[in-house]
Amino acid sequence: MSRVTAGCIGKRIYLGLIYSLIYLPLLVLIAYSFNNATYSLLWHGVTLKWYQELWQDQDLWQGLVHSLQLGVVASTLATVLGTLAASALFRYRFVGKRAFNGLIFLLIVIPDILLGVSLLILFSLFKMPLGFNSLLIGHVTLCLPFVVVTVSTRFSQFDKNTIEAAKDLGASEWQTFSKVVLPMIATAVIGAWLLCFTLSFDDVVMSYFISGPNFS
């Protein structure tokens, strides 16, 4: 056996182990969803009653619809605001630019529970009722720094001469952004939106503090 063949086999074994660690727990979970037992890890037979209860659980479906609505709206707002912020950081110089960058990265490392408690105190001070609007503000705050970082990474590979060329040809600020800048960063913007939706849909800790009794 040649070294090349042995190396290929070794890489495949390594990738197989990695994928096993990632997907084996999910496969076990799927298999035990058919187990005819509520809590036991022992196998008590095959059943579909858990899926029947799932389809009949109205509260769970309502929570799913709320999560999808919140995820789409929050991701869209965070992507728009984050893209504009990343564009401003790339194109302009202004007072406090370094501090703004630092605050963006600070929001990324702050734990969800701390962010949730802080927002709850803020909403209480302004006597803002908890519900969809409070969750929307919280999720936009959570997702916004990830959009700025993702889009800024694409801007770091951007040629500023392209913007100057568009201005020389008579393009306005909006035309330059919409017809020159945006198409060149479109993949990063789409990736940022998908990342935001995943973060919003997955968030439980922060949402627990600011969801309120009427929006689960």
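Biologist: How many aromatic pairs does the structure hold?

Modeller: This predicted model holds nine aromatic pairs.

Biologist: What makes the pair of tyrosine 19 and tyrosine 23 stacked?

Modeller: Their planes are 20 degrees apart and their centres 6.1 Å apart. Rings pair if the centres lie within 6.5 Å, and planes under 30 degrees apart count as stacked, so both conditions hold. The two tyrosines sit four residues apart in helix 1, about one turn of the helix.

Biologist: Why is tyrosine 19 called partly exposed?

Modeller: Its relative accessible area is 48%. Buried means under 20% and exposed over 50%, so tyrosine 19 falls in between. Tyrosine 23, at 44%, is also partly exposed.

Biologist: Why do tryptophan 193 and phenylalanine 197 count as a stacked pair?

Modeller: The centres are 5.6 Å apart and the planes 5 degrees apart. The cut-offs are 6.5 Å and 30 degrees, so the pair is stacked. Both residues belong to helix 9, with about one helical turn between them. Ring pairs also bring in Phe201, which forms a cluster with Trp193 and Phe197.

Biologist: How do you know that threonine 176 is buried?

Modeller: The relative accessibility of threonine 176 is 0%. The limit for buried is under 20%, so threonine 176 qualifies. This residue is in helix 8, and its contacts beyond four places in sequence include Arg91, Ile163 and Val181.

Technical notes:
Residues numbered from 1 in each chain as written. Predicted model: local features only at pLDDT ≥ 70, side-chain atom pairs only at ≥ 80, totals over all residues. Heavy atoms only, no water. Buried < 20%, exposed > 50% of the residue type's maximum accessible area, 1.4 Å probe, protein only. Contact = heavy atoms within 4.5 Å. Phe/Tyr/Trp six-rings, centres within 6.5 Å; stacked < 30°, edge-to-face > 60°.
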